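Me: I'd like a close look at one single part of this model, and then whatever surrounds it. Here it is.

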Protein chains: 4
Amino acid sequence: MHVTIEQAEKAIEAARKRALELNTQMCIAIVDSGANLKAFYRMDDAWVGSIDIAVKKARTAVFFGMPSGQIGKLSQPGGPLFGIEHSNDGLITFPGGLPIVDADGVMIGAIGVSGSSVENDHAVAKAGGEALGVCDLPEHPWRT
Amino acid sequence: MHVTIEQAEKAIEAARKRALELNTQMCIAIVDSGANLKAFYRMDDAWVGSIDIAVKKARTAVFFGMPSGQIGKLSQPGGPLFGIEHSNDGLITFPGGLPIVDADGVMIGAIGVSGSSVENDHAVAKAGGEALGVCDLPEHPWRT
Amino acid sequence: MHVTIEQAEKAIEAARKRALELNTQMCIAIVDSGANLKAFYRMDDAWVGSIDIAVKKARTAVFFGMPSGQIGKLSQPGGPLFGIEHSNDGLITFPGGLPIVDADGVMIGAIGVSGSSVENDHAVAKAGGEALGVCDLPEHPWRT
Amino acid sequence: MHVTIEQAEKAIEAARKRALELNTQMCIAIVDSGANLKAFYRMDDAWVGSIDIAVKKARTAVFFGMPSGQIGKLSQPGGPLFGIEHSNDGLITFPGGLPIVDADGVMIGAIGVSGSSVENDHAVAKAGGEALGVCDLPEHPWRT
């Protein structure tokens with residue numbers, strides 16, 4: 001099951017609202033459960049360098065079914081996943097990418113946000129994901 | 001001057017309407033005058049392979065300030081630009097990519113559409129671009 | 001819906017049998033509906049260069065929901081899709097890639113075969129796909 | 001001497017059994033002594049991001065004739081091989097990749113596993129490799 005464009009638009013709209021509240025300019029990417037781009041939205045004056053980061057955060061989240069920042073905790077020097085960023089044409093492993101899981105625990109895609117501090121990026125991604133009813137992330141979400 | 005997100009959304013909406021009239025499922029990409037992604041919209045059931053093609057058509061159009069298909073006429077075997085597709089991380093040189101030029105003749109970005117025949121792709125791109133007031137493309141549009 | 005590993009193995013086994021009947025050494029790739037690799041099998045003495053071709057044929061088939069060779073007919077010099085091979089990190093547009101569509105008309109993945117003539121590659125891919133009950137390919141198969 | 005497809009299948013089957021015992025969903029890749037993909041198997045619900053990591057772990061192991069994790073010990077900041085991951089289209093240098101060495105000490109290929117903790121990835125790779133009779137890895141295995 002892949003995220004629909006209607007769902008993607010809803011998530012982007014919620015993320016955009018949160019970004020405005022935080023007075024930030026964000027890039028917001030939605031990918032489906034195959035990590036393929038579904039929708040993308042770049043607010044005016046957002047960093048151009050955030051385009052690729054937003055997409056890669058979303059892809060990273062769906063690649064491993066977990067928040068992008070969770071991987072970053074494990075990929076530090078000396079950590080068990082040091083260097084994992086070299087896989088999959090480049091991962092981004094700091095916060096701002098979140099899987100989108102439906103009510104049945106099925107991962108239908110992910111949202112990635114970049115353009116401000118990682119705290120703000122995460123907050124905006126969370127607002128987007130929650131607009132689709134995501135609550136608790138199961139330990140190992142599956143795809144169908 | 002770059003396309004704004006408001007303009008990008010307007011172009012996508014007009015393109016989407018045309019795509020529905022033609023009973024097609026399209027990927028629609030908007031890039032700014034730096035060829036960087038501004039907005040992207042993938043209709044449900046659009047081909048996954050069209051994601052990259054839509055983006056590359058838009059980039060191709062803005063790279064050279066002309067419709068993507070115009071380059072394709074010059075890049076055939078024996079033609080003056082044979083093999084140009086190898087540049088810029090890959091061009092797509094068949095129709096479906098159009099520069100977006102404002103009333104002052106300034107190229108503010110481009111639209112790229114993929115998902116059906118090249119005739120339909122072009123028609124949908126045209127509908128999107130015209131929603132922003134594009135009329136006649138000057139011979140060499142400039143960027144500011 | 002993605003192809004399961006049980007289905008992938010079944011398709012590979014049927015393809016392998018056909019390859020042996022034809023006295024060929026093939027690379028056989030199965031991708032899911034997101035174009036991500038599910039299973040791969042390289043017969044002994046198959047060309048090393050066929051590894052990437054088999055994978056790209058499968059990806060090409062799922063990218064556009066049609067046999068890879070159908071795209072190749074349109075991408076010849078002077079054709080409407082000339083140069084499409086430059087998209088999606090490289091397409092292979094000659095025969096040997098086929099979408100795998102289930103009884104509900106849902107595209108669950110694709111099979112790609114390389115290692116002999118395109119006629120043989122196609123025959124082996126067909127044997128693999130048919131093992132999963134694929135019969136008539138709908139005009140525009142969808143993904144769920 | 002390259003790993004045969006019969007050996008590759010045997011290694012995958014042993015790895016799969018170990019993965020099931022550990023209640024994990026793994027991607028399992030076998031490459032030959034030229035670092036070219038021989039066979040690949042993705043269990044249902046394995047992370048999509050693990051496809052590339054499993055392949056890269058196997059390639060890393062065969063590139064240098066040592067376990068992938070052994071390289072990771074040398075590629076930490078301040079270490080002698082810092083940044084080696086940038087070579088060869090991307091290495092993965094944490095555990096889960098093991099050379100496959102035959103009874104004569106000849107490296108015939110490698111196995112790479114990804115999908116769980118690095119401890120589990122390593123255990124599954126070890127089970128796969130040992131199914132082919134690998135025992136002690138010589139200091140510098142050779143290829144023929």
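Where is the place of D:R42 in chain D? And is D:R42 buried or exposed?

Reply: A word on the ground rules to begin with. This is a predicted model, so local features need pLDDT of at least 70 and side-chain atom pairs count only at pLDDT 80 or more, while totals for chains, interfaces and linings use all residues. Residues are numbered from 1 along each chain as its sequence is written, chains are lettered from A and ligands numbered from 1 in the order in which they are written, and side-chain values use heavy atoms, with hydrogens and water left out.

Now to your arginine. D:R42 belongs to strand β2 of chain D, residues 37-42 (strands are DSSP runs of E, at least two residues, and helices are runs of H or I, at least four, all numbered from the N terminus). D:R42 is buried, at 2% relative accessible area (buried means under 20%, exposed over 50%, partly exposed in between, with a 1.4 Å probe and protein chains only). The side chain of D:R42 makes a polar contact of 3.0 Å with that of C:D32; the term covers N or O pairs within 3.5 Å, where within protein one atom must be able to donate a hydrogen and the other to accept it, and residues adjacent in sequence count only if both atoms are side-chain atoms.

Leaving aside neighbours within four places in sequence, the contacts of D:R42 (heavy atoms within 4.5 Å) involve three chains: A:R143 from chain A, C:I5, C:D32, C:N36, C:L37 and C:K38 from chain C, and D:M26, D:C27, D:W47, D:V48 and D:I51 from chain D.

Salt bridges do turn up elsewhere: the count over all chains is 28. One of them joins A:E130 and A:K126 at 3.1 Å, N to O, four residues apart in helix α4 of chain A, about one turn. In chain C, C:K126 and C:E130 form one with the closest N and O atoms 3.0 Å apart, and being four residues apart in helix α4 (118-130) separates them by about one helical turn. Both ends are partly exposed, C:K126 at 40% and C:E130 at 44%.

Back in chain D, helix α4 (118-130) has 13 residues and reaches 18 Å from first to last C-alpha, close to the 18 Å expected at 1.5 Å a residue (1.5 Å times one less than the number of residues). Its buried residues include D:V118, D:D121 and D:V124, and the buried set packs against α1, α2, β3 and β4 of chain D.

How values were computed. A salt bridge is a side-chain nitrogen of Lys or Arg within 4 Å of a carboxyl oxygen of Asp or Glu.
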